[in-house]
Amino acid sequence: MTERARALAEQSVEPKTKRSYDAMRSRFTAFLERFGGSWDKATPDQVGSFIAEEAVERGWQGDTAKKACAALAHGFKLETGSDPTKSFRVAAILKGIAKAKPKRAPPDLYDVGLVARHIAALPPDSELDDDSLLGKIGCLCLMSGLRVGDLLSANTDGITFGDEDHSMEIEVLPKQYKGMQTKRQRYQGSAAGGACFHCALKEWIARRPPHAEKVVFCRKDSCQSMVTDTVSKAMQRLMRKAGVPEGWKPYSLRAAAASKLRDLGQGDAADA
């Protein structure tokens with residue numbers, strides 16, 4: 001395939017999907033190199049072994065494993081014209097992953113205060129690395145009742161900071177309103193610093209690369225908006241450091257904060 005033909009073929013998928021495919025291909029290539037293999041000579045057994053190993057280490061369920069196979073298949077068809085993912089052995093492994101019982105969250109609850117206290121004890125926002133600051137913003141976002149995906153839809157024109165009282169208004173496009181009008185929501189930070197949504201978001205905006213323009217959460221290497229998974233991974237690392245038990249995902253913070261507010265007699269503020 002010529003370079004021009006390959007470039008056109010690669011445009012058959014969306015940029016976000018292509019990044020996901022490229023990341024999966026890189027992981028599979030690294031897996032092959034451990035055993036002296038190569039991409040152009042990959043076998044169904046190697047594909048199956050990779051999928052099985054990733055499923056165990058990353059806790060994949062059936063749908064995720066199928067998406068990984070689709071990513072590899074796309075690369076194989078472009079590069080070699082063959083597809084070692086289409087074999088009985090790989091299909092059997094995918095079926096086994098789908099039938100395996102998914103990991104469940106531990107039955108005991110956790111106190112959202114674990115995360116709040118950890119965030120409050122962190123160094124000033126200006127001294128945090130990008131990953132820690134991103135995890136902090138994501139956690140404060142959910143604890144404030146806002147979804148991460150909705151926050152990622154905001155741009156700098158849609159955020160108004162009230163510096164005197166550490167309040168801010170964010171114009172977002174909530175998931176349930178896709179294709180309709182935006183919604184403006186107000187959030188109150190803490191003048192005492194520490195766990196302040198206002199201060200953390202303002203610091204993040206100040207760090208954005210020049211090419212970000214009005215995009216608040218922009219990838220460092222391109223003008224593409226950041227995906228929810230990137231924020232979730234940063235949040236997960238922060239939650240583990242805070243002592244949140246294994247098995248709890250970042251989105252649980254929103255419900256945990258709402259439950260805490262109800263316990264304190266604050267109604268359903270975090271569910272708004």
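Biologist: Which elements of the protein chain have the lowest and the highest mean pLDDT?

Modeller: This is a predicted model, and among the elements of the protein chain the lowest mean pLDDT, 69, belongs to strand S3, residues 183-188, while the highest, 92, belongs to helix H5, residues 88-99.

Biologist: And what does the protein chain average?

Modeller: The average pLDDT of the protein chain is 81, and 84% of the residues score at least 70.

Biologist: Where does pLDDT stay under 50?

Modeller: That happens over residues 267-272, and for this stretch the model has 15 contacts beyond four places in sequence.

Biologist: OK, overall layout next. How many helices and strands are there?

Modeller: The protein chain has 11 helices and three strands, and reading along the sequence gives the pattern α-α-α-α-α-α-α-α-β-β-β-α-α-α. Of its 272 residues, 36% count as buried. If you take the contacts with a separation of 6 or more, residues 24 or more positions apart account for 57% of them.

Biologist: How do S1 and S2 run, parallel or antiparallel?

Modeller: Strand S1, residues 159-162, and strand S2, residues 167-172, run antiparallel and are joined by four bridges. Phe-161 stands opposite Met-168 in S2, and Gly-162 stands opposite Ser-167, also in S2.

Biologist: What sits between those two strands?

Modeller: Four residues lie between S1 and S2, which form a hairpin, and His-166 in the turn has a positive phi of about 60 degrees.

Biologist: What about Glu-213, what is its phi?

Modeller: Glu-213 has a phi near 55 degrees, which is a positive value in a residue other than glycine. Glu-213 is found in the loop between H9 and H10, and with a relative accessible area of 64% this residue is exposed.

Biologist: Switching to the inside: which residues have the most contacts within the largest nonpolar core?

Modeller: The largest nonpolar core has 41 residues, and those with the most contacts inside it are Val-115, Ile-170 and Phe-217. At least two residues of this core come from each of helix H6 (113-120), helix H7 (130-143), helix H8 (148-152), S2, helix H9 (197-207), helix H10 (228-242) and H11. The largest share, eight residues, is supplied by H7.

Biologist: And what does Phe-217 touch?

Modeller: Not counting residues up to four places away in sequence, Phe-217 touches Leu-134, Ile-137, Leu-151, Leu-152, Leu-201, Trp-204, Gln-224, Ser-225 and Met-226.

Biologist: Where does Leu-114 lie, and what is it in contact with?

Modeller: Leu-114 lies in helix H6 and is partly exposed, with a relative accessible area of 27%. Leaving aside neighbours within four places in sequence, Leu-114 is in contact with Ala-242, Gly-243 and Val-244.

Biologist: How far apart are Leu-114 and Lys-241 in space?

Modeller: From C-alpha to C-alpha, Leu-114 and Lys-241 are 9.7 Å apart, although 127 residues separate them in sequence.

Biologist: Now cysteines. How many disulfides does a search of the whole structure find?

Modeller: The search finds zero disulfides in the whole structure.

Biologist: Last one: is Ser-252 buried or exposed?

Modeller: Ser-252 counts as buried, because its relative accessibility of 9% falls under the 20% cut-off. The residue is placed in helix H11, residues 252-263, and its side chain reaches the backbone oxygen of Lys-249 at 2.6 Å.

Terms used. Residues numbered from 1 in each chain as written. Predicted model: local features only at pLDDT ≥ 70, side-chain atom pairs only at ≥ 80, totals over all residues. Heavy atoms only, no water. pLDDT = per-residue confidence, 0-100. Contact = heavy atoms within 4.5 Å. Disulfide = S-S within 2.5 Å. Pairing = 2+ DSSP bridges. Buried < 20%, exposed > 50% of the residue type's maximum accessible area, 1.4 Å probe, protein only. Polar contact = N/O pair within 3.5 Å; in protein donor to acceptor, adjacent residues only side chain to side chain. Core = buried A, V, L, I, M, F, W, Y, C linked by side-chain atoms within 4.5 Å.
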